[in-house]
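This briefing is for a reader meeting the structure below for the first time. It covers confidence, a ligand shell, an annotated site and a pair of strands.

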Amino acid sequence: MASLARRPFHANHAPYEDRQDDPLAKVLQPPPDESPEQRARREQEANEAHRVSLQIDEGIQEDRKAYERRKKAVKVLLLGQAESGKSTTLKNFQLAFTPAHFRNERLAWRTIIQLNLIRSLKTLLEVMQEEMAHPTEAPPPPPVLSEKARGKLPMGAPVPLSVVNGVGPAGKPPPAATRSVRFSTQPASQAPLTDVHRRARMRLLPLLKLESELTLQLFPELAAAIAQGQSLEGAVPANVSFTPALTATKEVTVRAGNGWKDVLGKLQKEKKGKQGQSLIDELSAVLDASKEDIVGMWEDRAVKDMLRRRGIRLQDMPGFFLNDAMRVSAAVYEPTDDDIVRARLRTLGVEEHRFTMESGASGSEWYIYDVGGNRGMRPHWIPYFDDVQAIIFLAPLAFNLMLEEDSKVNRLEDSITLWREICGNALLERATLILFFNKMDILQATLAAGIRVQKFVPSYGDQPNDVVHVVKYFREKFRGYHKRLSPQARPFYCHETSVIDTRATAVILVGVREGILRAHLQSVNVI
Ligand SMILES: Nc1nc2c(ncn2[C@@H]2O[C@H](COP(=O)(O)OP(=O)(O)OP(=O)(O)O)[C@@H](O)[C@H]2O)c(=O)[nH]1
Ligand SMILES: [Mg+2]
């Protein structure tokens, strides 16, 4: 900054007077007939200018220090398609290495988790509405086997659906103590939706209205999109088949970024709701009053049958909390660490998260960048490629699912295409690439349900359809592209993860952190 501004203006003698030969000093000299008031005002203004100047100088110093710090820091980019688990991995990093910060945000997550719960409920109610308008045909009830007959079945033989779905053998409902409201009393697969369901649905509608209102307040940019009738990406996975009527009402997922935590804090203070409550408190109160209906609806046999007939598995939706509805809806609900990790909040753009690790001076500061994985957001990743040390690439082996944003594109195929681009990118030639085969729990369930890889990936052939062989096959595929496309040789790291399992993930992340740090220190010639 100009040194002129730093001179002591408070002194009685003006500094300019000493410098008669300086043309600038001449211009800046006070008028000879300056009154005491004018002089006082001038000095006050000069002092204020000096204060602002110092502040700007400090800001520049801070920026310079931050720039130097950032240059030395470890930078990691989380990449992968939408819903691959990037933000969930970030939450695991926070939980493992900065737990106090993670837990400080518990209250903000409470509302997001409650919105997640209502989102699943909304989908359920939409499906019910569709079912009431166009009932699907109930298949004949499955044969019910006696204990004796079951004993004769070979090991691993399929169990009748009535047992799998918790309605008990012979279509008998489970003990009354396990459910609060019961709607259907008929045997499994035959129970239609009735007026009882219709009335329960009506009782739950105010909750949906509140959810829409709160979501729009949290993410006002959605209001414009909805008003224009734009098609918004929904929370419903692409494998869920919907009729056009349902697709049109698909809901938007609550999104990250845009300071949503600040907005939540402000909304919490605004007394806009009925009875002078904030909208958030009103939502909590209505949710608490509706919890019996929600649990009853979700556990109801006719509802479960309807979902099964339509091939809809709400439990595979991101941010699924219907199994915890009683707890999450309670007025006293406080999210657990696991709840926060499982909460779904779509990432928009790129978010920077700063971590201070406890592992010593060098490399103790980390920046982790969490990006939105949706296809439309991928061009925003490129500016971050420039000086990143490591990439954690999340690739769920979702061989049987399609992209949410393009239902013609297979998710695994999309992951492989993306991986090839990352491996071959010249800007990233020095970055360590770490591959996470995430959502292993879902792969396990998919294979256990008998879904064959060969049907979707013909080149898989008739190899055994189990986790070990499937992982081996795709690991070799990813390794091959890594080897062939990397501009220079680099080690291949691959982990099998289920990042909703925080304990197992913590162990993996400690190893990943050490590996990245070692590579970083080598690159700056410290070791
Ligand atoms: N079952 C299971 N669910 C997971 C796993 N990892 C993440 N999820 C869930 O998948 C959903 C999507 O995860 P996110 O971490 O938000 O995905 P993302 O990659 O950040 O998605 P975008 O922000 O849209 O790019 C969330 O509801 C997570 O709880 C996993 O290993 N197993
Ligand atoms: Mg995300």
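**Confidence in the model**

Over residues 229-252 pLDDT stays under 50, and the model has 43 contacts beyond four places in sequence for this stretch. The model is predicted, and its protein chain has an average pLDDT of 80.

- A score of at least 70 is reached by 76% of the residues.
- Residues 1-14 also stay under 50 in pLDDT; for them the model has 16 contacts beyond four places in sequence.
- Among the elements of the protein chain, the lowest mean pLDDT, 27, belongs to helix α7 (residues 161-164).
- The highest mean pLDDT among these elements, 98, belongs to helix α19 (residues 467-485).
- For the model as a whole, ipTM is 0.99 and pTM is 0.75.

**The shell around ligand 1**

- There are 24 residues around ligand 1, and those that come nearest are Gly85, Ser87, Pro318, Thr347 and Gly373.
- Two helices, α3 (86-97) and α17, each supply at least two residues of this shell.
- Helix α3 gives the largest share, three residues.
- Sorted by class, the shell around ligand 1 holds 12 polar, seven charged and five nonpolar residues.

**The annotated site and helix α17**

- In UniProt, an unreviewed entry carries the annotation "binding site" for Asn438, Lys439, Met440 and Asp441.
- Met440 lies in helix α17, which spans residues 440-448, and Asp441 is in helix α17 as well.
- Met440 counts as buried because it has 20 C-beta neighbours inside 10 Å, and 20 or more is the cut-off for that class.
- Asp441 has 13 such neighbours inside 10 Å, so it counts as partly exposed.
- Beyond its neighbours within four places in sequence, Met440 is in contact with Glu496, Thr497 and Ser498.

- Strand β5 covers residues 432-437, and six of its six residues are buried.
- Thr432, Ile434 and Phe436 point one way from β5, while Leu433, Leu435 and Phe437 point the other way.
- Both of these sets of residues are buried.
- Strand β4 (residues 390-394) runs parallel to β5, and five bridges join the two.
- Within this pairing, Phe393 stands opposite Leu435 of β5.

Note on methods: Residues are numbered from 1 along each chain as its sequence is written. Chains are lettered from A and ligands numbered from 1 in the order in which they are written. This is a predicted model: local features need pLDDT of at least 70, side-chain atom pairs count only at pLDDT 80 or more; totals for chains, interfaces and linings use all residues. UniProt positions are given in the numbering used here, feature names are shortened, and annotations may be inferred rather than shown by experiment. Helices (H or I, at least four residues) and strands (E, at least two) are DSSP runs, numbered from the N terminus. A residue is buried if 20 or more other C-beta atoms lie within 10 Å of its own, exposed if 12 or fewer, and partly exposed in between; C-beta atoms are placed from the backbone. Two residues are in contact if their C-beta atoms, placed from the backbone, lie within 7 Å. pLDDT is the predictor's confidence in each residue, from 0 to 100. A residue is near a molecule or strand if its C-beta atom, placed from the backbone, lies within 6 Å of it. Ala, Val, Leu, Ile, Met, Phe, Trp, Tyr, Cys and Pro count as nonpolar, Asp, Glu, Lys and Arg as charged, and the others, Gly among them, as polar. Two strands pair if DSSP finds at least two bridges between them.
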